[in-house]
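Subject: Handing over the structure

Hello,

Here is the structure I promised to pass on. Please open it first, then read my notes below.

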Amino acid sequence: MAKILVLYHSNSGNTRRMAELVAEGAGQLERTEVRLKDISVADHTDLDWCDGIALGSPTNYGSVSWQMKKWWDEQPIENWGRRDGKIGCVFSSAGSWGGGQEWTCMTLMSLLINYGFLVFGLTDYTGPRFSAHYGAIAAGPPVEERELAACRRLGLRLSEWAATLIEGRKEAHPLNQTYDRFGYLASE
Ligand SMILES: Cc1cc2nc3c(=O)[nH]c(=O)nc-3n(C[C@H](O)[C@H](O)[C@H](O)COP(=O)(O)O)c2cc1C
């Protein structure tokens with residue numbers, strides 16, 4: 001079983017909805033176990049447990065929420081450097097397009113990189129002129145089909161990478177999948 005943790009903070013529910021979609025996508029790969037957790041109920045044992053993590057925060061003043069930063073700041077320092085090699089990806093909701101989601105994604109990735117995670121983004125398109133190269137993003141709650149699909153695809157890709165790279169399941173490699181990844185790119 002590939003073990004996937006979807007860890008998020010959300011002030012008003014929009015990032016939580018993204019997290020639910022990411023978790024749904026992660027569960028689309030067979031032999032995957034998914035934990036969906038708000039930071040208020042997660043601790044270092046969840047980081048220890050997982051093979052892969054999807055980390056989500058609202059965009060607050062162009063960056064991660066202070067609650068998310070605090071959660072990482074308070075992780076037991078003795079665990080730092082001992083969780084290396086797990087797979088990571090990120091997602092964020094802001095109030096508007098151009099509101100700083102990708103800045104937040106980069107900061108979330110910075111947290112993961114610093115902790116030893118191997119991070120990735122999507123090459124797939126989930127709508128015309130819409131991708132999640134730096135993580136899944138939404139303006140407000142995810143409602144458009146392209147936003148929903150990006151969240152689900154991010155979760156699925158996390159499971160695929162965790163299964164491939166951690167468990168050695170070659171059939172789970174993204175390049176061995178048959179679903180459409182670039183149809184929207186061709187339709188530009
Ligand atoms: C303190 C604070 C700072 C915010 N900063 C930004 C911002 O920099 N850019 C933006 O587009 N929206 C900003 N917003 C709006 C939120 O990012 C947006 O409502 C988001 O969807 C909230 O996600 P949540 O429901 O998961 O908390 C801010 C909201 C708050 C409360």
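Thr126 sits in strand β6. Strands here are DSSP runs of E with at least two residues, helices are runs of H or I with at least four, and both are numbered from the N terminus. Thr126 is buried, since 24 other C-beta atoms lie within 10 Å. The cut-offs are these: buried means 20 or more other C-beta atoms within 10 Å of the residue's own, exposed means 12 or fewer, and partly exposed is in between, with C-beta atoms placed from the backbone. Leaving aside neighbours within four places in sequence, Thr126 is in contact with Ala132, Arg146, Ala149, Ala150, Arg153 and Tyr184. Contact means that the C-beta atoms of two residues, placed from the backbone, lie within 7 Å. Take Arg146: it is 20 residues from Thr126 along the chain, and their C-alpha atoms are separated by 5.2 Å.

Two points on how to read all this. The model is predicted, so local features need pLDDT of at least 70 and side-chain atom pairs count only at pLDDT 80 or more, while totals for chains, interfaces and linings use all residues. Residues are numbered from 1 along each chain as its sequence is written.

Now the whole chain. It has six helices and eight strands. Along the sequence they run β-α-β-α-β-α-β-α-β-β-β-β-α-α. The radius of gyration is 15 Å, close to the 16 Å that the globule rule gives for 188 residues, so the chain is as compact as a globular protein of that length. That radius is taken over C-alpha atoms, and the rule is 2.2 Å times the number of residues to the power 0.38. Along the principal axes, the C-alpha atoms fill a box of roughly 50 × 40 × 20 Å. Of the 188 residues, 45% count as buried. Take the contacts between residues at least 6 apart in sequence: 76% of them join residues at least 24 apart.

Next, helix α5. This helix covers residues 145-166, which is 22 residues. From first C-alpha to last it reaches 31 Å, close to the 32 Å expected at 1.5 Å a residue. The expected span is 1.5 Å times one less than the number of residues. Is α5 mostly covered or mostly open? Mostly covered: 17 of its 22 residues are buried. Gly168 follows α5, and its phi is positive, near 75 degrees.

How do α1 and α5 pack? Helix α1 spans residues 14-26, and it meets α5 at an angle of about 45 degrees, with the axes 6 Å apart. The axes are lines fitted to C-alpha atoms over the stretch in contact, and angles run from 0 to 180 degrees between N-to-C directions. The two helices are therefore oblique to each other. On that scale, angles under 35 degrees are roughly parallel, over 145 roughly antiparallel, 65 to 115 roughly perpendicular, and the rest oblique. The crossing is right-handed, meaning that the near helix is turned clockwise from the far one by less than a right angle. Residues of α1 in this packing include Met18, Leu21 and Val22, and those of α5 include Leu148, Cys151 and Leu158.

Gly25 is part of α1. It is buried, with 26 other C-beta atoms within 10 Å. Not counting residues up to four places away in sequence, Gly25 touches Cys151, Arg152, Arg153, Leu154, Gly155 and Leu156. Trp80 is 55 residues from Gly25 in sequence and 29 Å away in space, C-alpha to C-alpha.

Last, some loop residues. Tyr61 lies between β3 (52-58) and α3 (66-73). Its phi is positive, near 50 degrees, though Tyr61 is not a glycine. Tyr61 is exposed, with 10 other C-beta atoms within 10 Å. Ser63 is in the loop between β3 and α3. With 17 C-beta neighbours inside 10 Å, Ser63 counts as partly exposed. Ser63 touches Trp103, Thr104 and Thr107, not counting residues up to four places away in sequence. Arg129 lies in the loop between β6 (125-127) and β7 (130-131). Its phi is near 55 degrees, again positive in a residue other than glycine. Arg129 is exposed, with 9 other C-beta atoms within 10 Å.

Best wishes
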